[in-house]
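Look over the sequence and the structure first.

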Amino acid sequence: MSTVYPPAVPTKLSFPFPLLTMTSLPLLIPFLFSSLLLSTEAAGGRWQLLHNSIGIVAMHMQLLHNDRVVIFDRTDFGFSNLSLPLGKCRYNPNEKAVKVDCTAHSIEYDVASNTFRPLFVQTDVWCSSGSVTPDGRLVQTGGFNDGERAVREFSPCPTCDWQEQNGALAARRWYATNHILPDGRQIIVGGRRAFSYEFYPKTPAAKNAYSLPFLVQTNDPGAENNLYPFVFLNVDGNLFIFANNRAILFDYRKNRVVKTFPQIPGGDPRCYPSAGSAVLLPLRNLRKASIEAEVLICGGAPKGSFKQANQSSNFLGALNTCARIKITDPNPQWVTEKMPGARVMNDMLILPNGNVLIINGAAMGTAGWELGRNPVLNPLIYRSNSPLGSRFVSQNPSNIPRVYHSTAVLLRDGRVLVGGSNPHTYYNFTKVLFPTELRLEAYSPWYLEAEFSNVRPKILSPASQTKVTYGGKLVVRFQRLLVLDVTKVSNLGNLTYGAEVVTPASSVLAPPGFYLLFVAHQEIPSDGIWLQIL
């Protein structure tokens, strides 16, 4: 029987001035948007401390379709602040910090009850990567030392724990990126000194690692700057892969580069350790013959930043730009825009109304322990459909610095779960500039303010966990009026409406798996429901 830890007394934090932050984990879960309406001019948001300590550092977080979040840090840093149940211990005679460790390095957080339970992970998940399978399991691959070729799976159930396979990868994967493919497999791209890609699960026809020279070409000696590459599935079935300061369109089935994109303006690196972040902006007009896809990349650190910080304690200012490109254009070009401030080690995620949240990070330095300075506490909202020059809105700040190894993940109720930062050896809390951070927060964007409750939609049907097929029709019943890109809208009375929406036509547009469906009215979203596309 696992111990369940209760929440801290809820503390609401509000601040009168704005600021920013971020980080981009390659843990991917897709979102399905019924529609958007522009443009409520509001800014602010609220912060709530959920737990003073969850016992571990939230270096990685993934929301699963049972509304629980799997969180984990690393196993080679000594004892955490959370014991494992029933005398469980991790034994590793090769470990340098501790040989026998009876503390947890992973938890499952229950969003509804604001409680968590410890999980057992044997191999080192530090800077691993992962994705969610079509049936909803989290697959986490690679990591450090004994974890570099391991594969771990976590199934969403009340008593499930990590299941691990050693040596299941063809190459060592540390700081790699995973992406789900239209056939349900995952592709694993790159990693430290791993200039290749491979697939999981393995098949007799695809069991090896395959060379990707682009990763050699983007490797900066002594700094790398091509780790955790940004990978997105394009609408033509090829992969957009960005590393360092440039990108390719890659046909992974034939192992060939289809297109080389222009270098990002300025030429500064955006990938780890000059860590910016990226999102694929929401795909729209899915029934059109030609669908546009755009990638947005924000933040990072200038050339030489890692060496300057690591060798000379000289902390250069982070990058203050975002760059956006239509990867489906015949002659794609980057368009740059300035953020209200500089940011590195930021996270980015797409909100239920289609806007982008930029959160966490620092204004100077680079990724690495104590290599960042001037934490950026204010999130930014990037209004992706607003005119150029008017897209950024600064939000109220947290009072907790979130720098190296901080994370953020969208929840089904529209809040953003925020955790992590600077895990030190032996979970050091003293005599370091940024101590190991165990607190867990929730950020509530402006659309969750009580003043908008009278216009917030509510999905009445279908039920969450509904299964749908490609190209099929789905009737969504909701309260309050909403403009949707739909085939039919019906007024059902009592402020209730029905909208018939068409699901994505193929797994190229939406790989099989669990998606969150939201209804939004004037950028104010409902709670989401889970749909499984088969």
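Buried means under 20% relative accessible area, exposed means over 50%, and partly exposed lies in between (1.4 Å probe, protein chains only). By that scale, Cys 102 is partly exposed, at 32% relative accessibility.

The model is predicted: local features need pLDDT of at least 70, side-chain atom pairs count only at pLDDT 80 or more, and totals for chains, interfaces and linings use all residues. Residues are numbered from 1 along each chain as its sequence is written, and side-chain values use heavy atoms, with hydrogens and water left out.

## The disulfides

A disulfide is a pair of cysteine sulfur atoms within 2.5 Å. By this rule there are three disulfides. The table lists them.

| Pair | S to S distance | Torsion about the S-S bond |
|---|---|---|
| Cys 89 and Cys 102 | 1.8 Å | 90° |
| Cys 157 and Cys 160 | 1.9 Å | 110° |
| Cys 298 and Cys 322 | 2.1 Å | about 115° |

Take Cys 89 and Cys 102. Their link is right-handed. The pair joins distant parts of the chain, 13 residues apart. Cys 89 sits in the loop between β6 (68-72) and β7 (90-91). Cys 102 sits in the loop between β8 (100-101) and β9 (106-110). Strands here are DSSP runs (E, at least two residues), numbered from the N terminus. Cys 89 is buried, with a relative accessible area of 16%.

Next come Cys 157 and Cys 160. This link is right-handed too. Cys 157 counts as partly exposed, at 21% relative accessibility. Cys 160 counts as buried, at 18%.

Then there is the bond of Cys 298 and Cys 322. Why is it called right-handed? The torsion about its S-S bond is about 115°, so the disulfide of Cys 298 and Cys 322 is right-handed. This pair also links distant parts of the chain. Cys 298 lies in strand β24 (residues 294-298) and Cys 322 in strand β25 (residues 321-326), 24 residues apart. Both Cys 298 and Cys 322 are buried.

How are the bonded cysteines paired in sequence order? Numbered that way, the pairing is 1-2, 3-4, 5-6.

Cys 127 is in no disulfide. Its nearest cysteine sulfur belongs to Cys 271, 14 Å away. Cys 127 is buried, with a relative accessible area of 1%.

Cys 271 is in no disulfide either. The nearest cysteine sulfur to Cys 271 is that of Cys 298, 13 Å away. Cys 271 counts as buried, at 1% relative accessibility.

Technical notes: Helices (H or I, at least four residues) and strands (E, at least two) are DSSP runs, numbered from the N terminus.
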